[in-house]
Amino acid sequence: MHPNNLRTAVMLCAAAAFAAAIPGPASASASSPAATEPRPPARTVAVDCFSNPQVRPGDFLLACGDGNNRLIDIHWSHWGANSATGTALDAVNDCQPYCAAGTFHSYPVIVRLDRPETWQSHPEQQRFTRLHLVYTDGRPAYTERVVTHELWD
């Protein structure tokens, strides 16, 4: 190796060792939790009719256009990255004789959210895209015992 190249290599190694020995600011310190621990992932959310992210909502509007169907009194037993489960009352307007004069009836249901995907409006956030309802005691007219809703983005 040429003497000038050797001298340059030695100087670069010494400079690197010297720079590594100098402590940085406290915010960049290796002992700082923010510097060593990865940021926890954001919780998977349910996006409501108004494009608001919700975690464990107490109620959830299903009929965004007219408000004639809403989950109320939701009690979540599990809320995870891939699914959420709970129980609720499905409050449905019978629209008899027409919706403005109709009566709301509540039916107990088991609620399950699943199929998380990236939320297009907030790519850093996962959102549930599907909601399942299982009616446990009665159900609205013309409604199956198990109903699946695709959720909006």
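In this predicted model, the largest cavity is lined by A46, P57, F60, L71, I74, W76, V111, L113 and L131. A volume of about 40 Å³ was computed for this largest cavity, and a search of the whole structure turned up one cavity of 30 Å³ or more.

Where does the lining of the largest cavity get at least two residues from a strand? Strand 4 (69-79) and strand 6 (104-119) each supply at least two. Strand 4 gives the most, with three residues.

Strand 4 runs antiparallel to strand 5, and eight bridges join the two. Together, strand 4 and strand 5 form a hairpin, with four residues between them. On its other pairing, strand 5 meets strand 6, again in the antiparallel sense, over 10 bridges. Strand 5, which spans residues 84-93, is mostly covered, as seven of its 10 residues are buried.

In strand 5, D90 stands opposite L71, and L71 is one of the residues that line the largest cavity. Turning to strand 6, the bridge partner of D90 is Y107.

Definitions and conventions:
Residues numbered from 1 in each chain as written. Predicted model: local features only at pLDDT ≥ 70, side-chain atom pairs only at ≥ 80, totals over all residues. Heavy atoms only, no water. 1 Å grid on protein atoms, 1.4 Å probe; cavity = no way out; pocket = protein on both sides within 12 Å on 5 of 7 lines; lining within 4 Å. Points joined across faces, edges and corners; volume = space filled by probe spheres on them. Buried < 20%, exposed > 50% of the residue type's maximum accessible area, 1.4 Å probe, protein only. Pairing = 2+ DSSP bridges.
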